[in-house]
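Colleague: I want to learn how to read helices in a model. Please take me through the general idea, then the case at hand.

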Amino acid sequence: RAHAMDALGAMRYARALQALTDLVQHHERGPVAAAAFEALARIGHPSSRALFEQMLESRDATMRRIAVEAVGRLADPALAGRVNGVMAQERNADVLLAGHFATVLMADGPVDELVEGLSRSRHRTQAFRYLLEVAPGRGHAIGVHIQDPDQRVRLDLVDILGMSGDPQALNALERVLQDPEPAVSRAAGRAIVRVRAASARP
């Protein structure tokens with residue numbers, strides 16, 4: 001069931017909205033509710049707005065984190081104040097990172113905290129996922145960090161920029177073609193090819 005719900009979210013399958021909403025409202029918390037709510041958050045349909053806002057106040061940190069992501073994807077600047085208010089009272093690090101992600105989407109905020117998340121083992125996967133989602137159109141903002149002293153962060157950023165297909169990322173990627181770490185320089189070469197191929201598509 002979890003894999004099925006993940007697929008529905010990835011497809012942004014709007015016809016599943018009611019069934020997923022029913023699961024969230026029935027279970028409220030736990031793995032089934034979280035999987036259904038994650039799918040709703042990825043679909044990001046405006047009709048789910050009331051549920052997203054309601055879950056900002058959930059006692060379950062996982063549900064709050066997903067709600068913050070979901071509200072961010074609605075990209076409604078009018079909700080920025082609501083998210084900021086929730087973040088001011090938040091102590092959970094996963095939810096706080098989600099707040100930075102939402103700020104990037106709603107208010108074109110800085111990506112610095114998301115990049116910083118790549119350097120923390122606990123948050124690396126979460127931060128990578130966020131940066132991959134916000135990267136299109138933000139190649140320059142992310143590319144500013146491409147020469148981070150942490151080799152792992154540099155490699156992650158190269159991969160993110162390559163997958164973004166954003167031509168704004170080319171200057172940053174070209175700067176690391178001579179990176180002292182061969183894995184980074186090779187990845188940069190592959191990323192450049194990928195971005196150029198994406199840019200050439202009609």
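Modeller: First, the ground rules. This is a predicted model, where local features need pLDDT of at least 70, side-chain atom pairs count only at pLDDT 80 or more, and totals for chains, interfaces and linings use all residues. Residues are numbered from 1 along each chain as its sequence is written, and side-chain values use heavy atoms, leaving out hydrogens and water.

Colleague: What span should helix H3 have at 1.5 Å a residue?

Modeller: Helices are DSSP runs (H or I, at least four residues), numbered from the N terminus. The expected span is 1.5 Å times one less than the number of residues. H3 (residues 31-43) has 13 residues, so it should span 18 Å; its end C-alpha atoms are 18 Å apart, which agrees.

Colleague: How many residues of H3 are buried?

Modeller: Buried means under 20% relative accessible area, with a 1.4 Å probe and protein chains only. Ten of the 13 residues in H3 are buried, including Phe37, Leu40 and Ile43. Helices H1, H2, H4 and H5 are among what covers them.

Colleague: What follows H3?

Modeller: Glycine 44, with a positive phi near 60°.

Colleague: Which residues of H11 are buried?

Modeller: Start with the general idea: an α-helix has 3.6 residues a turn, so residues three or four places apart point the same way. In H11, Val153, Leu157, Ile160 and Leu161 are among the buried residues. Their cover includes helices H9 and H13.

Colleague: What lies at the start of H11?

Modeller: A side-chain oxygen of aspartate 150 comes within 2.9 Å of the backbone nitrogen of arginine 152. After H11 comes glycine 165, whose phi is positive, near 70°.

Conventions: Buried < 20%, exposed > 50% of the residue type's maximum accessible area, 1.4 Å probe, protein only. Helix = DSSP H or I, 4+ residues; strand = E, 2+ residues; numbered from the N terminus. Contact = heavy atoms within 4.5 Å. Polar contact = N/O pair within 3.5 Å; in protein donor to acceptor, adjacent residues only side chain to side chain.
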